[in-house]
Amino acid sequence: MPVFPSDPYGFLTQWFNNLLLHQGLPETTVRLISFAVGSLILVLGSLLFCLLLIWAERKIGGRVQDRLGPNRVGPYGIVQAVADMMKIFTKEFVTPAGVDKVVYNLAPVLSVAAVIMIWAVIPFTITFFGTDLNVGVLYIVAVGGLAEMGIVMAGWGSNNKFALLGAFRAVAQLISYEVPMVVALLLPVMLSGSMKLSEIVRSQDVWYIITAPVAAAIFFITSLAENGRAPFDLMEAESEIVAGFNVEYSGLKFGFFFVGDFLHAFTIALLFSVLFLGGWRGPAADQIPILGFFYLGIKTAIVYFFGLLVRFSLPRFRIDQMMNLNWKMLTPLSLGILIATALVDKGSANLLSSMAPTARLIVRSIILVLANVLVVWSFSDIFDVALGKRPRPVVALEPRPVARPEQPPTPTEGGTP
Amino acid sequence: MIPLAWYLVFSIALFCIGLFGVLSRKNAVVILMGIELMLNAVNINLIAFWRYFFAGSSQQEPTRALAFVAIVFVAAAAEAAVGLALIISAYRRRETVVAEDMNLLKG
Amino acid sequence: MILQIFFLIVALVTLVSAFLVVTARGLMHSALWLVLALFGVAVLFAFLEASFFAVVQVLVYIGAIAILIIFAVMLTRRTKDDSGARLIKGWWVAMLASLALFAGLVVAMSTWPGFQIGPGAGPDPAILPQFGMDLVDPNKYAIPFEVASILLLAALVGAIYIAAGRKEGKG
Amino acid sequence: MLNDWLYIGIFMVLSLFLPAAALVIAGILGPKKPSPIKNSTYECGIETVGDTWVQFKAQYYVYALVFLIFDVETIFLYPWALAYNQMTFFMIMEAVIFILILLGGLIYAIRKGVLEWQ
């Protein structure tokens, strides 16, 4: 029986279910109602939480770029997001002529829903989760596929060349980065032997960021790319294409793409903490579930802050650089790390089986870290050989004064200045 | 409690719709979509039989149907990839996606 | 009871969107209806407690194959509307053949004693690890497993060669 | 397991319904003053010429293609990863061969140069 102060969520659900059961309702109906209420809380909670996220992101972004950020409405400008929301709710929808009505209007809804739906499987504490799906990891990836559909529909439904081009660029980016992401997610599944997110959290006696650091890094980078913000904001490269797939949207419809965007940034941090940083695990979190919520919150906040730092400090990639990073670096690396981890872990299993549990844990982690380091270290050489490239010779340049060229520039032949 | 019949009738209907698309449409891309529908009908069938007869029983190899479905997925993916590549290639050379017009081999 | 109603709704939506796939005017509309039909099939997989294939259906079919089809639609069209007839001249023959096949199969199936059977015991929760073991078990499906990778490799190489083989020329 | 999916189904319906409801409310609250100029397609102020359907590069198709192949690969690799802890070394080797064959495909695509953005 959950007690209130240590496990408010478990306590409330049990209380609520008992309340309904005592009304004489059949069990299936009670389950339906409690599911509906639970998911309503999660969906509404995530949508409202987005207001806080928008404020936090603008404030942090401001401080990173040496500005103040929002500071007029309320203390520290905290009500700014609410004011913005009220404004955007009363804006006019400009619907361009020739759009495909259904597809055009469904697209922003789908792109928000695709992010919120991830929250259904995240274990916030040991008792507080939407549902514990037995294919949770794949579910998360699959839901990402729905977001791609949303972008395609936005681009095509708008009846605009630039929206269509932007949508296709965006989708090409998203699907490319999904490949290493799916492969990197195999490592937590492999190490924990389960696709349930709660199982993955529970099995992290050693955080997977230690036993699978390369996979964690790949997951983080690809998630940033899936989110489509700087430095991967090619889909919204306003200096190259008009503004991406959402040019023809206005008011709240336009806003929804950004609600999805802000929420996705946080969801990435949440997923990263769950998959690689031990989720709710921490001292005494088993006994007092509410503590797990705070641990998860702290871990998520750190990862989220790190993601924001990346967003606000790095310049945008060129699209060819981005595709090369994915196909020539991350994808082979993720496959390589998968093979290496599988072989090394299984190969050392006999050696480890005679040790004491704690010693085994430590030695196994060390071996896996070493394997990761080795793979990264030897990766570029092996891959260059596979691609038939010669290793690039190291050229040491003579130091010379920077501002003054050594010889006067030769006049160009074409006569251009 | 859903009887097996419902799934079977559903999958037959889906298969026949796909077949109608394959037989009657001119556009090669839609023909491929019809084939995908037919493959999906097959998968529904396989999974339905797996669920109703094999899933819970230990002596009848519950994973066999799953292996079948996985192979159907592979076949569908390979078919879509190569088929669409062929259509794109044919479109580049002959500026058409109408299946009837792709008759270079006609004597 | 609730399950039956849900099933009927999902099945109806799936069949209607499948029908619209093969009859819709715009190619892109066909593709979007296809997405809905595929999603309906994924929901039915979930009904059949094949969770893994439900998510894989969304992942592979909607996330990849539908996107591939949409890209192909974009690559092969010049104008938005399909000018000219969508259907071949003898489309009613195809219609009749499909209907006949449907009727024949349903009649043939209904004579089978297992037709009205209810579901058996649900799948073991450990069926997926079991499936993974069997896939690499040399006495079971190790050969199909490796053959699948060869097939995928062949499809990848072949399709790349066909789609991007010639550097020169149009496109 | 069916319960999990019931929850997911309800969650999905709600997460589609709430944003849609918000859009409807915003549509009621906002002013509605359409005009032909305002509703014209936005393409940098230039009048739209021709159809929306422009030709795309085969590039996009190749990305989607490689993505599809690797996605299908996951059907096999995820169950394999689930059973990893109980496997013998030989079984791991089979999966490694599986991955290496596909890695061969990726290397072919890279050497062919189709994954370069042109």
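This is a predicted model: local features need pLDDT of at least 70, side-chain atom pairs count only at pLDDT 80 or more; totals for chains, interfaces and linings use all residues.
**The core**

The largest nonpolar core holds 278 residues. Five members touch the most others: B:Ala77, B:Ala81, C:Leu68, C:Ile69 and D:Leu65. Within chain C, domain 1 (1-80) and domain 2 (128-171) each give this core at least three residues.

Neighbours within four places in sequence are left aside here. B:Ala81 is then in contact with C:Leu68, C:Ala155 and C:Ala159 from chain C. From chain D, its contacts are D:Leu65, D:Leu68 and D:Ile69.

**Where chains B and C meet**

Chain C puts 72 residues into the contact, and chain B puts in 60 residues. On the chain C side, six helices each supply at least two residues: α1 (2-23), α2 (27-47), α3 (51-75), α4 (91-110), α5 (127-135) and α6 (142-164). The largest share comes from α4(C), with 10 residues. The table sorts the side of chain C that touches chain B by class.

| Class | Residues on the chain C side |
|---|---|
| Nonpolar | 55 residues |
| Polar | 12 residues |

**A serine in chain A**

A:Ser273 sits in helix α10 (residues 251-276) of chain A. Is A:Ser273 buried or exposed? A:Ser273 counts as buried, because it has 26 C-beta neighbours inside 10 Å; the cut-off for buried is 20 or more. Beyond four places in sequence, A:Ser273 is in contact with A:Gly279, A:Leu296, A:Lys299, A:Thr300 and A:Val303. A:Tyr208 lies 65 residues away along the chain, yet its C-alpha atom is 9.9 Å from that of A:Ser273.

Technical notes
Residues are numbered from 1 along each chain as its sequence is written. Chains are lettered from A and ligands numbered from 1 in the order in which they are written. A nonpolar core is a set of buried Ala, Val, Leu, Ile, Met, Phe, Trp, Tyr and Cys residues joined through C-beta atoms within 7 Å. A residue is buried if 20 or more other C-beta atoms lie within 10 Å of its own, exposed if 12 or fewer, and partly exposed in between; C-beta atoms are placed from the backbone. Domain bounds come from an automatic or database domain assignment. Two residues are in contact if their C-beta atoms, placed from the backbone, lie within 7 Å. Helices (H or I, at least four residues) and strands (E, at least two) are DSSP runs, numbered from the N terminus. Ala, Val, Leu, Ile, Met, Phe, Trp, Tyr, Cys and Pro count as nonpolar, Asp, Glu, Lys and Arg as charged, and the others, Gly among them, as polar.
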